[in-house]
Amino acid sequence: MTTAIRADHVAKSFLSGKVRTQVLEGLSIELTSAELTLISGPSGCGKSTLLAILSGLERPDAGSVEALGERVWELDRAGLQRFRLQHLGFVFQGFNLFPALTALEQVMLPLGYLGLGHAAARRRAEDALDEVDLAHRRHLRPAELSGGEKQRVAIARALAKQPQLFFADEPTSALDAKSGQTVIDILHRIARGHGATVLCVSHDPRLVTHADRVLRMEDGRILSDQRNAAPGSSPVEESSS
Ligand SMILES: Nc1ncnc2c1ncn2[C@@H]1O[C@H](COP(=O)(O)OP(=O)(O)O)[C@@H](O)[C@H]1O
Ligand SMILES: [Mg+2]
């Protein structure tokens, strides 16, 4: 296990009208490869903002982010885009699938941008769909899939890129308990099986026992940092600040 992402004194505020809201104030965090880290906390505490800053989507006002040895926010626009394409996978609450494409086509699409030929892209996409147990549904479009299946297609699409960093923002919030459990188990397997660094942020307390490590966040601060001995059992307090 190695540190894959290090954020140092990250700050972010938003201006809406004349009111400036400080969302993150000097937050530091380190994420380790081959484990699933969950950031858990109430809506509005800054989870999505933090995830966006760590993943190169939203520039912090201050502080630095180092991911896979790159100072993310010192890359130029093209460099950042390349970094994200090559190393990052994303899953969001709303699946973000194209209505007209089959599951297989959704998963193949980004592989084309990575420069893979059609046959290689197809093989990788089929493997990824197989990994989320959707090989038999690969020719269906989103309207023909359940919520849980749509989220598994979105995971396969991210996974097929073979990213080292995997980000999930509220991946289970639109799902029933059973589908949500399947999704979090798959994310856990991605961390353990592929050695990826998986960061999941969610306000869903059901996920807490399924992560390797749980950071509790409130009002833009990390309140505690716990490691689960064996995910599924109860967490052990490691440190708190
Ligand atoms: N683009 C934005 N413009 C203005 N305010 C924002 C923006 N993004 C987030 N916020 C505010 O920042 C706070 C934290 O939001 P967010 O990171 O989405 O929290 P969470 O994901 O924990 O629910 C909220 O008060 C939200 O309204
Ligand atoms: Mg959010």
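**Stop 1: strand E3**

Select Ile-39 first: Ile-39 stands opposite Leu-215 in strand E9. The model is a predicted one, in which local features need pLDDT of at least 70, side-chain atom pairs count only at pLDDT 80 or more, and totals for chains, interfaces and linings use all residues. Residues are numbered from 1 along each chain as its sequence is written, while chains are lettered from A and ligands numbered from 1 in the order in which they are written.

Helices (H or I, at least four residues) and strands (E, at least two) are DSSP runs, numbered from the N terminus. Two strands pair if DSSP finds at least two bridges between them. In general, strands of a sheet pair through backbone hydrogen bonds, either parallel or antiparallel.

Now select all of E3, residues 36–40. E3 pairs with E9 in the parallel sense over 4 bridges. E3 is also joined by 5 bridges to strand E8 (residues 197–202), again running parallel. Leu-36 stands opposite Val-198 in E8.

A residue is buried if 20 or more other C-beta atoms lie within 10 Å of its own, exposed if 12 or fewer, and partly exposed in between, with C-beta atoms placed from the backbone.

**Stop 2: the hairpin of E9 and E10**

Go on to strand E9 (residues 213–218) and strand E10 (residues 221–227), which pair in the antiparallel sense over 6 bridges. Select Leu-215 again: its bridge partner in E10 is Asp-225. There are 2 residues between the strands of this hairpin, and Asp-219 takes a positive phi near 45°.

**Stop 3**

Select Cys-200, which lies in strand E8. Is Cys-200 buried or exposed? Cys-200 counts as buried because 28 C-beta neighbours lie inside 10 Å.

Two residues are in contact if their C-beta atoms, placed from the backbone, lie within 7 Å. Leaving aside neighbours within four places in sequence, Cys-200 is in contact with Leu-36, Leu-38, Ala-168, Pro-171, Leu-187, Leu-207 and Ala-211.

A nonpolar core is a set of buried Ala, Val, Leu, Ile, Met, Phe, Trp, Tyr and Cys residues joined through C-beta atoms within 7 Å. The largest one here has 62 residues, and those with the most contacts inside it are Val-107, Ala-156, Leu-187 and Cys-200. In soluble globular proteins, nonpolar side chains tend to be buried together.

**Stop 4**

Select helix H3, residues 103–113, where Ala-103, Leu-104, Gln-106, Val-107, Met-108 and Leu-111 are buried. The buried residues of H3 pack against H4 and H5. After H3 comes Gly-115, with a positive phi near 95°.

Next, select Asp-133, in the loop between helix H4 (118–131) and helix H5 (147–159). Asp-133 is partly exposed, with 13 other C-beta atoms within 10 Å. The C-alpha atoms of Asp-133 and Arg-152 are separated by 8.3 Å, at 19 residues apart along the chain.

**Stop 5: the open sheet**

Select E1, E2, E4 and E5, which form an open sheet of 4 strands in the order E2-E1-E4-E5, with antiparallel pairing. Its edge strands are E2 and strand E5 (70–71), each of which pairs on one side only. E1 and E2 are paired over 10 bridges, and Ile-5 stands opposite Leu-31 in E2.

**Stop 6: ligand 1**

Which residues surround ligand 1? They are Phe-14, Ser-16, Thr-21, Val-23, Gly-41, Ser-43, Gly-44, Cys-45, Gly-46, Lys-47, Ser-48 and Thr-49; the cut-off is a C-beta atom, placed from the backbone, within 6 Å of the molecule. Strand E1 (3–16), strand E2 (19–32) and helix H1 (47–54) each give two or more residues to this shell. H1 gives the most, with 3 residues.

**Last stop: the whole chain**

Zoom out to the protein chain, with its 6 helices and 11 strands. Its C-alpha atoms fill a box of roughly 50 × 45 × 40 Å, taken along the principal axes. Buried residues make up 40% of the 241 residues.
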